[in-house]
Amino acid sequence: MSRFFFDIVARHSRNYDFHGKYLTNSSEAQQMAEILALDLGISEEETWLGAEVQVRDERGAHILSLPVASSSAAIGV
């Protein structure tokens with residue numbers, strides 16, 4: 001198991017994940033990032049629109065970034 005960190009990065013702010021999640025591999029980390037991005041996109045606050053979920057490994061290396069889109073963009077409306 002490896003530890004992955006999921007930071008939420010917006011234009012003027014950065015919310016660091018200091019705890020991380022233990023997952024089997026980077027594919028699971030990507031799935032978790034996709035869920036987080038979708039969840040932020042359907043929140044009632046539009047604060048997160050245009051932000052992204054950035055995934056780091058336990059060494060701090062950047063693994064991937066996924067944009068947070070509005071719920072209508074996520075479902076293709």
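Mentor: Begin with the secondary structure: helices (H or I, at least four residues) and strands (E, at least two) are DSSP runs, numbered from the N terminus. Along the sequence, the chain here follows the pattern β-β-β-α-β-β-α, and its secondary structure comes to two helices and five strands. This is a predicted model, in which local features need pLDDT of at least 70 and side-chain atom pairs count only at pLDDT 80 or more, while totals for chains, interfaces and linings use all residues. Residues are numbered from 1 along each chain as its sequence is written, and side-chain values use heavy atoms, with hydrogens and water left out.

Trainee: Which strands does S4 pair with, and how do they run?

Mentor: Two strands pair if DSSP finds at least two bridges between them. S1 and S4 run antiparallel and are joined by six bridges; S4 and S5 also run antiparallel, with five bridges. Val55 illustrates both pairings: Phe6 stands opposite Val55 in S4, and Leu64 is the bridge partner of Val55 in S5. Another bridge pairs Arg56 with His62 in S5.

Trainee: What lies between S4 and S5?

Mentor: The two strands form a hairpin with four residues between them, and Gly60 in the turn has a positive phi of about 95 degrees.

Trainee: How is burial judged, and what share of the chain is buried?

Mentor: Buried means under 20% relative accessible area, exposed over 50%, and partly exposed in between (1.4 Å probe, protein chains only). Of the 77 residues of the chain, 31% count as buried. For the surface as a whole, accessible areas come from the Shrake-Rupley method with a 1.4 Å probe, and for residues only the protein chains shown count as cover. The chain exposes about 5,200 Å², of which carbon and sulfur atoms supply 51%.

Trainee: Which residues have the most contacts inside the largest nonpolar core?

Mentor: A nonpolar core is a set of buried Ala, Val, Leu, Ile, Met, Phe, Trp, Tyr and Cys residues joined through side-chain atoms within 4.5 Å. The largest one has 16 residues, and Phe6, Ala33, Val53, Val55 and Val68 have the most contacts inside it. Two or more residues of this core come from each of S1, helix H1 (26–41), strand S4 (52–57) and strand S5 (62–67). H1 gives the largest share, four residues.

Trainee: What does Ala33 touch?

Mentor: Contact means heavy atoms within 4.5 Å. Leaving aside neighbours within four places in sequence, Ala33 is in contact with Phe6, Val53, Val55, Leu64 and Leu66. For the chain, residues 24 or more positions apart account for 43% of the contacts with a separation of 6 or more.

Trainee: Is Asp7 buried or exposed, and what does its side chain reach?

Mentor: Asp7 lies in strand S1 (residues 2–9) and counts as buried because its relative accessibility is 0%. A polar contact is a pair of N or O atoms within 3.5 Å; within protein, one must be able to donate a hydrogen and the other to accept it, and residues adjacent in sequence count only if both atoms are side-chain atoms. The Asp7 side chain makes such a contact with the side chain of Arg56 (2.6 Å), and reaches the backbone nitrogen of Asp17 at 2.8 Å.

Trainee: How many aromatic pairs does the structure hold?

Mentor: A pair of aromatic rings is described by the distance of the centres and the angle of the planes. Rings of Phe, Tyr and Trp (its six-membered ring) pair if their centres lie within 6.5 Å; planes under 30 degrees apart count as stacked, over 60 as edge-to-face and the rest as tilted. The structure holds one such pair. The rings of Tyr16 and Phe18 have centres 5.9 Å apart and planes at 40 degrees, so the pair is tilted. Tyr16 is partly exposed, at 45% relative accessible area, whereas Phe18 is exposed, at 65%.
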